[in-house]
Amino acid sequence: MGLHFDYLLNAARWAPSADNTQPWQLRCDDGILAVAYDKARVEGVTFPPNDPATLIAMGAVLENLLQASAATGLSVERVQPGEDEYFRLLVSETSTSSPGPDSHPLFLRHTNRLPFRTTPLPRPLVEKLLNEREETACVQLLEGKHDLARIAGLVRQASTIRFQTRESNESLGRSLRFTPREVSRGDGLDVATLNLPPGGRGIMRLMADWRRMESLNRWGAYRLFAAIEAKSVTNASAIVAITGSPGYAGALDAGQLMERVWIKLNAEDVGVQPFYVVADQLFRRDDHLLPRGLEQTGDALARTTDELLGLSGRKLYMLLRIGYPIRPPVKSLRLPLNALCKAGWEDKALRP
């Protein structure tokens with residue numbers, strides 16, 4: 001089963017994560033593949049293990065594994081995970097087929113932050129999207145200038161909080177990769193993937209230092225940056241909202257659904273850019289983690305989001321800006337398997 005396991009592990013590593021931090025640890029031994037939080041590598045660098053952002057990423061890993069297993073003639077069964085694991089799969093061969101090619105749509109999935117053509121989506125594709133669900137997680141589609149403007153308003157509200165939050169700013173700063181050497185590490189945000197204007201790299205360097213950002217904010221810089229981020233939302237054919245039930249399982253389901261929709265959209269030549277900023281600020285509000293003085297802004301954001309999406313106790317997990325790409329983006333790199341897999345995996349799970 002060596003080649004098949006290798007293929008599964010490679011599929012897992014191409015899942016999306018917050019700022020491309022890839023917080024997962026892959027554990028495999030004797031037909032078992034489990035996914036846990038890599039505390040030693042990412043604790044204090046990205047979101048904590050039970051944060052919705054982390055759970056969404058782990059759900060995306062699960063979706064990639066399920067799709068990859070189907071492409072390789074493997075049978076996978078979810079079994080009871082270990083104490084610190086998100087999920088555990090029992091993997092067995094059902095055919096002697098060789099692993100599928102790396103041209104499987106999951107390997108072609110990518111983020112596109114560049115401008116889009118705003119051509120409306122064909123109705124058959126819209127219907128496919130609206131029919132996608134995972135347990136309680138489902139898809140809402142917002143189209144037309146009015147709805148896109150309202151979503152942009154949510155992003156602007158949320159971003160005014162985000163750009164005034166030291167923790168969020170420092171987390172972004174740690175993730176930015178400016179030089180070829182930094183990019184070659186295989187994690188973080190390659191600034192070449194961002195849609196930066198002339199001089200944008202210098203601005204990102206300034207923003208990466210909280211003391212400088214705090215000084216800029218005294219002159220209202222957070223409003224300018226929030227407006228720029230919100231403006232890109234309106235350059236879309238539509239916005240996909242991934243919503244689901246609150247809690248641990250709901251976030252995992254939302255991550256699975258998000259990844260499935262994203263893979264399908266890219267396979268239809270539709271570009272995708274994720275926006276987590278609204279959901280992030282709403283979860284921070286629920287946990288009383290918003291900076292002092294911004295609580296009312298968070299309350300207003302929650303009311304507006306509930307009104308627009310009709311959440312009724314459900315949670316927003318992700319917004320996806322979608323449209324037809326004008327040009328292909330730079331694709332982010334990934335860490336090598338030996339950085340993601342628990343020590344000894346070569347001798348255990350990958351033996352023939």
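Buried denotes a relative accessible area under 20%, exposed one over 50%, and partly exposed one in between, computed with a 1.4 Å probe on protein chains only. The legends below describe a predicted model, in which local features need pLDDT of at least 70, side-chain atom pairs count only at pLDDT 80 or more, and totals for chains, interfaces and linings use all residues. Residues are numbered from 1 along each chain as its sequence is written, and side-chain values use heavy atoms, with hydrogens and water left out.

Figure 1. With a relative accessible area of 0%, A226 is buried. Contact means heavy atoms within 4.5 Å. Residues up to four places away in sequence being excluded, A226 touches R156, S159, T160 and F163. The C-alpha atoms of A226 and G153 are 9.8 Å apart in space, while the two residues are 73 apart in sequence.

**Figure 2. G250 in helix α12.** G250 is located in helix α12, which comprises residues 248-267. Its relative accessible area is 1%, so G250 is buried. Apart from neighbours within four places in sequence, the contacts of G250 are S245 and Y317. R218 lies 32 residues from G250 in sequence, and the C-alpha to C-alpha distance between R218 and G250 is 39 Å.

**Figure 3. The buried face of helix α7.** In helix α7 (residues 166-175), the buried residues are S168, N169, S171, L172 and S175. Viewed down the axis of α7, these buried residues fall within an arc of 160°, and therefore line one face of the helix; the arc is that of the directions from the helix axis to the C-beta atoms. The elements against which the buried residues of α7 pack are α6 (144-162), β8 (176-177), β9, α9 (200-207), α10 (210-217) and α13 (277-286).

**Figure 4. D187 and its partner R177.** D187 occupies the loop between α8 (180-183) and β9 (189-190). D187 counts as buried because its relative accessibility is 15%. The side chains of D187 and R177 are joined by a polar contact of 3.2 Å. Such a contact is a pair of N or O atoms within 3.5 Å; within protein, one must be able to donate a hydrogen and the other to accept it, and residues adjacent in sequence count only if both atoms are side-chain atoms. With neighbours within four places in sequence set aside, D187 is in contact with N20, Q22, R177 and L335.

**Figure 5. Positive phi at N20 and E135.** N20 is placed in the loop between α1 (2-13) and β1 (24-29), and at 6% relative accessibility it counts as buried. E135, likewise a residue other than glycine, has a positive phi near 55°. This residue, E135, lies in the loop between β6 (133-134) and β7 (137-143). At 60% relative accessibility, E135 counts as exposed.

**Figure 6. The largest cavity.** Rolling a probe the size of a water molecule over the atoms shows where empty space is left. On a 1 Å grid over the protein atoms alone, a cavity is a set of points where a 1.4 Å probe fits but cannot get out, and a pocket is an open set with protein on both sides within 12 Å along at least five of seven lines; lining residues have an atom within 4 Å of a point. Grid points are joined across faces, edges and corners, and a volume is the space filled by probe spheres set on the points. The structure holds one cavity of 30 Å³ or more. The largest cavity has a volume of about 40 Å³, and its lining consists of S17, A18, T21, P23, T46, F47, A53, T54 and A57. Five of the lining residues are nonpolar, four are polar and none is charged. In this division, Ala, Val, Leu, Ile, Met, Phe, Trp, Tyr, Cys and Pro count as nonpolar, Asp, Glu, Lys and Arg as charged, and the others, Gly among them, as polar.

**Figure 7. The second largest pocket.** This pocket contains about 210 Å³ of space. Its lining comprises 14 residues, of which H110, N266, D269, P325 and P329 lie nearest the centre. Helices α4 and α12 are the elements that give two or more residues to the lining. The lining divides into seven nonpolar, four polar and three charged residues.

Conventions. Helices (H or I, at least four residues) and strands (E, at least two) are DSSP runs, numbered from the N terminus.
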